[in-house]
Amino acid sequence: MSTEPETTEETGPGTPEMPEAQGAPGTPGAPDEAAGGASEGAEGGVGEEMAESAEGGGPAEAAEAAEAAEAAEAAEAAEAAEAAEAAADGAEKPELSEAAAELAAQRVERERIERRRAERDGPVESGAKLSGKAADLLAAVRAVEAGGKPASTVFAAPSRPAPERTPEPGPAATAAAPVRPAPEPEPEPVRQERPAPAPTPAGPSPRTVDAVRRVLAEGGAPEALGQQAAVALGEGAGELLRADPWQLLRVPGVRPEQADGFARALLGAECGPQDERRGRAVTVWLLEQAALAGHTALEAPALTAALAQRGVPDPEEAVQSTLAEGEALVFEDALEEPGAPAAQPADDEEEEAERPVRVLIALERYAMAEESLADGLARLINSPSQDGEETWAQVVAALSGGAAELARAVAGHGLVLHTGGDASRAEPAALLGAARDAGLRALAVCHTADGRDRLAALPPTRGAGVGTVAGLLAGTEGPGRDGDGALELDLLIVPDAPQLDVESAAMLVESLPDGARLVLGGDPALLWSAGPGRVFADLLAARACPQIASRLPDPGPIGELVSGIGIGELNQVEAPGKEVVIVPVRDAGEAVHRTVQLVADSVPRAFGVPVEGTVVITPGHGGAAGTRALNAALKERLNPGPGRFGGFDPGDRIAYSPAPGRTLPGTVVRGDAEGLHLSCAGAPVVVPRERVEAWVRHGWALTAHQAVGGRWPAAVVVLPGDAAQALSRPWVYTAFGRGERHLSVVQGAEGALPRAVAEIPAKARTTRLATLLRPQSAMD
């Protein structure tokens with residue numbers, strides 16, 4: 001491992017040569033006491049500031065406080081933009097068809113899930129005996145189920161369906177794996193023509209927007225929020241805001257203190273912190289912020305504590321009111337985690353022993369997605385196709401080593417988990433190629449276009465049967481669907497499963513036919529998804545299906561360094577070719593200066609890697625060495641210009657985020673009256689002028705969440721001193737693993753780096769998936 005000298009002076013008109021000194025430790029300096037770095041993801045508990053949005057800003061501004069918040073708000077902005085365009089001229093923009101199709105597909109899939117779950121009529125089993133507040137919550141559920149009106153001290157909530165899945169009708173042949181002649185290798189990933197996606201619903205009428213703007217003006221809020229508020233609240237938004245001013249919290253970027261000011265201006269003396277409308281709105285807002293931080297639900301005590309911090313005088317009453325209005329759901333799950341209290345024997349020996357539970361509050365969309373995902377996974381686990389045994393035997397015979405072990409597990413099970421580093425992707429790639437050669441309908445989908453292209457480049461795939469998760473859900477990649485809407489597949493492989501949020505995972509699983517096989521693979525040490533949930537980690541913890549661990553190590557000094565980080569060790573590695581270089585810096589200004597030197601001069605000269613082959617990764621968007629500051633400095637050096645197209649010029653590297661959790665690197669081609677023209681993964685994209693600020697950022701420097709799923713020839717990881725609190729083992733593991741040939745670490749965090757690797761694991765997320773899958777684990 002090499003280390004740059006402390007000096008920052010340039011040697012002549014260029015930049016310093018790459019250092020020759022070897023063997024500097026990877027843990028220089030003493031522990032750093034600086035705090036307050038700008039974090040890219042707020043994954044902590046509700047007692048912390050969870051993904052707080054920036055004042056008055058759109059999705060791009062909210063992202064400075066949380067990467068997940070940026071993704072979610074960008075999705076809402078995407079829907080609003082599509083709706084507004086449809087209302088204005090009814091014309092489709094071909095370049096935006098993928099984003100529009102993805103959003104439409106998500107809506108159709110959610111509607112289908114809702115219809116399926118509405119057909120079930122069983123209540124949630126309590127599974128335990130409760131007392132105190134937990135008993136109140138459960139009593140509320142039962143009161144609503146019985147049609148009675150809950151008492152004033154009781155939390156009311158709609159009944160939830162039992163996790164039993166009603167099998168979809170359809171011939172067994174749909175799920176079978178018949179023996180067919182081996183198809184000819186296809187030169188490109190499967191991308192069949194599709195019918196046009198369902199049209200995006202028209203946006204709010206001009207009359208509604210005008211009415212909202214009048215109410216906003218009366219309350220002293222910016223009239224520019226009118227369109228967003230009308231989209232968030234729908235027709236009649238003006239009347240709704242006048243009757244309940246705190247509904248303004250449903251608009252992305254609005255915070256409780258801003259909604260309070262708006263309410264005071266409209267209501268006058270009637271406004272007060274005890275208003276139950278405020279309590280409900282803040283409760284829902286906190287649940288939404290928790291989702292942006294990765295939680296699918298919150299424990300009741302955590303939620304009430306957060307409400308108290310937000311000035312709600314009676315938090316329990318606020319939660320009661322929210323549940324009674326159907327704006328959230330309540331669940332109680334048995335605790336069987338390590339360290340949980342043991343079950344207490346009941347007084348009556350014939351009665352079931354009492355089991356400790358946790359009471360959870362969740363927004364319906366995430367609760368429904370998580371239950372639907374568990375339901376679909378149970379279906380795959382319990383009904384693998386028994387047909388095509390000879391075909392699967394042929395697949396196993398064609399493989400060897402870890403790929404054969406994976407194939408044997410897949411042959412006998414509907415769901416299989418596969419873990420390993422980047423090198424381990426060769427095993428599912430080999431499985432994909434052998435399955436297609438045997439005549440099975442097989443497809444692999446990755447998190448990013450870069451991941452798709454890298455998987456397609458592996459010899460076993462021969463460039464065929466590979467796509468992206470977004471493309472499959474949007475219908476622009478992959479096979480067709482049968483009459484029941486299920487994908488015509490025998491085998492689906494997802495190599496980037498750690499990046500699946502709960503809603504995307506639910507849509508994928510619900511789209512698979514009975515009898516299909518699903519392989520979820522990936523590196524469990526990476527950052528989790530930008531959206532809510534921790535699907536892959538929950539499945540590993542549930543142990544409800546076979547788990548195959550790859551033994552293929554990531555090669556070279558970078559692979560050795562990253563492997564040590566994965567087990568909590570920041571080791572010094574031998575790097576004779578300067579594959580790993582440490583660049584010490586004293587402050588954020590020096591960090592920016594040295595980063596520009598590395599990207600523009602040192603790395604291209606020493607390794608022959610062009611500027612576009614290097615990615616810069618930093619913990620957050622804000623701060624003196626965040627993505628904004630770094631991108632501004634890199635643009636000035638690499639592509640200076642006036643930024644005449646919304647701050648962008650032709651040739652700028654950008655990060656385009658059209659949907660939650662999706663960041664597409666690309667370049668600016670041009671700008672005109674139609675919008676900003678981009679090239680992303682070789683495909684042309686046009687971003688409407690009004691959406692450029694929300695969807696597009698400069699992209700020389702990215703956050704780790706934006707970079708996950710992609711790899712570059714070289715990576716420069718910037719660790720300023722004020723980012724110490726943002727560092728964790730998964731963050732360091734993810735960032736350091738983005739470079740294939742070279743890694744430079746601009747190190748200003750001193751002792752915070754080794755401390756993060758050794759002591760700071762992934763922050764906990766509150767989810768229900770592992771609990772919902774527990775019966776499957778018991779059956780196995």
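In what sense do strand E6 (residues 442-446) and strand E8 (residues 491-494) pair, and over how many bridges?

Mentor: E6 and E8 pair in the parallel sense, over three bridges. Two strands count as paired if DSSP finds at least two bridges between them. Helices (H or I, at least four residues) and strands (E, at least two) are DSSP runs, numbered from the N terminus. In this pair, alanine 444 stands opposite isoleucine 493 in E8.

A word on the model before we go on. It is predicted, so local features need pLDDT of at least 70 and side-chain atom pairs count only at pLDDT 80 or more, while totals for chains, interfaces and linings use all residues. Residues are numbered from 1 along each chain as its sequence is written, and side-chain values use heavy atoms, with hydrogens and water left out.

Now widen the view. E6 and E8 belong to an open sheet of six strands. Its order is E7-E6-E8-E9-E5-E10, and the pairing is parallel. Strand E7 (466-468) and strand E10 (547-549) stand at the edges. Each has a single partner strand, so one side of each is left without a neighbour in the sheet. From one strand to the next, the twist averages 20 degrees. Such angles run from 0 to 180 degrees between N-to-C directions, and the axes are lines fitted to C-alpha atoms, for helices over the stretch in contact.

The loop between helix H16 (449-456) and E7 holds arginine 462. Its phi is near 55 degrees, a positive value in a residue other than glycine. Arginine 462 is partly exposed, at a relative accessible area of 39%. The cut-offs are these: buried is under 20% relative accessible area, exposed is over 50%, and partly exposed is in between (1.4 Å probe, protein chains only).

Lysine 578 also has phi near 55 degrees, again a positive value in a residue other than glycine. Look for lysine 578 in the loop between helix H20 (556-566) and strand E11 (580-584). Lysine 578 counts as buried, at 16% relative accessibility.

Next, a sheet with antiparallel pairing. Five strands form this open sheet, in the order E16-E15-E14-E13-E17. The edge strands are E16 (683-687) and E17 (696-698), and each pairs on one side only. Direction ignored, neighbouring strands here are turned by 40 degrees against each other on average. Start from edge strand E16. Five bridges join E16 to strand E15 (residues 675-680), and the two run antiparallel. In one of these pairings, cysteine 680 has alanine 683 in E16 as its bridge partner.

Then find strand E4 (residues 357-362). Six of its six residues are buried. In a regular strand, side chains alternate between the two faces of the sheet. Both faces of E4 are covered. On one side sit Val357, Val359 and Ile361, and on the other Arg358, Leu360 and Ala362. E4 also has partner strands. Strand E2 (residues 298-299) runs antiparallel to E4 and is joined to E4 by two bridges. There, glutamate 299 has leucine 360 as its bridge partner. Strand E3 (residues 329-334) is antiparallel to E4 too, with six bridges. Leucine 329 stands opposite alanine 362 in E4.

Angles under 35 degrees count as roughly parallel, over 145 as roughly antiparallel, 65 to 115 as roughly perpendicular, and the rest as oblique. The crossing is right-handed: the near helix is turned clockwise from the far one by less than a right angle. Gly279, Val282, Thr283, Leu286 and Leu287 of H9 meet Leu303, Ala306 and Leu307 of H10. Contact means heavy atoms within 4.5 Å. By class, this contact has six nonpolar, two polar and no charged residues. Ala, Val, Leu, Ile, Met, Phe, Trp, Tyr, Cys and Pro count as nonpolar, Asp, Glu, Lys and Arg as charged, and the others, Gly among them, as polar.

Finish with helix H5 (residues 206-218) and helix H6 (residues 226-233). Their axes are 8 Å apart, at an angle of about 115 degrees. H5 and H6 are therefore roughly perpendicular to each other. Their crossing is right-handed. Thr208, Val209, Val212, Arg213 and Leu216 of H5 meet Gly226, Gln227, Ala229 and Ala230 of H6. Here the contact has five nonpolar, three polar and one charged residues.
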